[in-house]
Amino acid sequence: MRKFRVKQSVLDFWNRIPPQKRKAIGIVGCVFKWIYRILNRIVRLVLLSLTLYAIAFTLVASFLLYRAFLYGYEIYDNVKTLEYENPEMSRYMDALVDSNPNVKLKHRFVPLDSISPHLRKAVIASEDAGFYYHPGFDVRAIAEALDANRYYGKTKFGGSTITQQLAKNLFLSGERSWERKFKELAYALLMEKMLGKDRILELYLNYAQWGKTIFGCEAASQEYFKKSAFKLNLDQAINMAAVLASPGKHNPNARYSRFMASRRTVIYQNMFPKRDSLKVDSLKELNAPPEEAKAALPIAE
């Protein structure tokens with residue numbers, strides 16, 4: 001009964017309104033009705049879009065996390081294997097064989113204690129003077145390389161550490177890309193954490209290129225000096241280390257090569273600095289060089 005009275009009151013009020021005003025009110029009401037419908041539809045579409053976006057984002061994020069897991073696990077597994085296994089060939093060696101199936105590579109693995117201490121120190125002096133003091137990458141060396149490349153106007157120098165070079169040789173291709181550099185850094189950091197410096201140096205010396213088809217210091221020592229890597233003297237070790245900068249073009253017996261003479265001088269100066277220097281932190285336990293070794297080294301012209 002009460003609802004009926006309220007409804008009747010509303011009708012009476014509506015009937016008392018003049019027809020023209022009634023018509024205007026009807027138009028306004030119709031406009032608001034359509035506005036409500038449009039807003040309602042927009043809100044529904046926005047909510048639907050947000051729901052679809054959330055679903056798509058969840059799927060993409062899940063896929064990326066899965067890929068990141070596989071990506072990271074592959075790197076971890078490869079490095080973990082190096083703790084107890086020595087690969088038959090590096091990725092670089094595989095690529096060399098793939099490009100020329102008839103090529104015969106010379107390679108023999110030997111433990112670190114079967115490699116001359118002279119050669120270990122010469123290689124560090126040549127390739128990465130701060131080897132025992134950085135976490136896998138050397139910011140100072142990178143900055144110096146960038147300055148030098150900017151000076152020459154081209155990429156002439158690199159700031160890669162021994163660890164980074166090992167990662168590239170063992171696992172990565174020679175392409176130049178940000179993804180490869182990221183992988184190289186990831187491998188380097190993980191190898192430093194899991195393997196330690198001595199194992200990294202052991203692997204580097206055994207998989208570094210010392211000639212067009214010569215890999216590892218033992219095969220190189222046998223090829224160039226007809227002796228084991230353990231028996232290399234200081235002069236021979238420095239000559240061997242000098243080759244690493246360009247193994248495809250030079251060999252340790254090229255004593256009159258200006259390139260080799262220049263490299264030998266740099267390595268010798270790094271091994272036996274005139275004063276304590278941060279540049280040769282890894283070798284500062286070395287004191288004065290033997291006089292016979294100093295006399296044996298040619299002076300770069």
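Biologist: Where is Glu 83 found?
Modeller: Glu 83 is in the loop that runs between α2 and α3 (91-99). Helices (H or I, at least four residues) and strands (E, at least two) are DSSP runs, numbered from the N terminus. Please note that this is a predicted model: local features need pLDDT of at least 70 and side-chain atom pairs count only at pLDDT 80 or more, while totals for chains, interfaces and linings use all residues. Residues are numbered from 1 along each chain as its sequence is written, and side-chain values use heavy atoms, with hydrogens and water left out.

Biologist: How accessible is Glu 83, and what does it touch?
Modeller: Its relative accessibility is 36%, so Glu 83 counts as partly exposed. Buried means under 20% relative accessible area, exposed over 50%, and partly exposed in between (1.4 Å probe, protein chains only). Apart from neighbours within four places in sequence, Glu 83 is in contact with Met 194 and Leu 195, where contact means heavy atoms within 4.5 Å. The side chains of Glu 83 and Lys 80 are joined by a polar contact of 3.0 Å. A polar contact is a pair of N or O atoms within 3.5 Å; within protein, one must be able to donate a hydrogen and the other to accept it, and residues adjacent in sequence count only if both atoms are side-chain atoms.

Biologist: And how far is Glu 83 from Ile 200?
Modeller: They are 117 residues apart in sequence and 9.9 Å apart in space, C-alpha to C-alpha.

Biologist: Let us step back. How many helices and strands are there?
Modeller: The protein chain has 12 helices and 2 strands. Of its 301 residues, 36% are buried. Among contacts with a separation of 6 or more, 66% come from residues 24 or more positions apart.

Biologist: What can you say about α7?
Modeller: Helix α7 (residues 178-194) has 17 residues and spans 24 Å from its first C-alpha to its last, close to the 24 Å expected at 1.5 Å a residue. The expected span is 1.5 Å times one less than the number of residues. Its buried residues include Tyr 187, Ala 188 and Met 191. Just after α7, Gly 196 takes a positive phi of about 90°.

Biologist: Why is α8 described as largely enclosed?
Modeller: Because 10 of its 11 residues are buried, α8 is largely enclosed by the rest of the structure. Among those buried residues are Lys 197, Ile 200 and Tyr 207.

Biologist: Now the aromatic rings. How many pairs are there?
Modeller: Rings of Phe, Tyr and Trp (its six-membered ring) pair if their centres lie within 6.5 Å; planes under 30 degrees apart count as stacked, over 60 as edge-to-face and the rest as tilted. By this rule there are 6 aromatic pairs. The rings of Tyr 53 and Phe 57 are stacked, because their centres are 6.3 Å apart and their planes lie at 25°. Both residues lie in helix α2 (residues 19-81), 4 residues apart, about one turn of the helix.

Biologist: What about the rings of Phe 109 and Tyr 207?
Modeller: Their centres are 6.0 Å apart and their planes at 55°, so the pair is tilted. This pair links distant parts of the chain, 98 residues apart: Phe 109 is in the loop between β1 (106-107) and α4 (117-127), and Tyr 207 is in helix α8 (residues 197-207). Phe 109 counts as partly exposed at 24% relative accessibility, whereas Tyr 207 is buried, with a relative accessible area of 1%.
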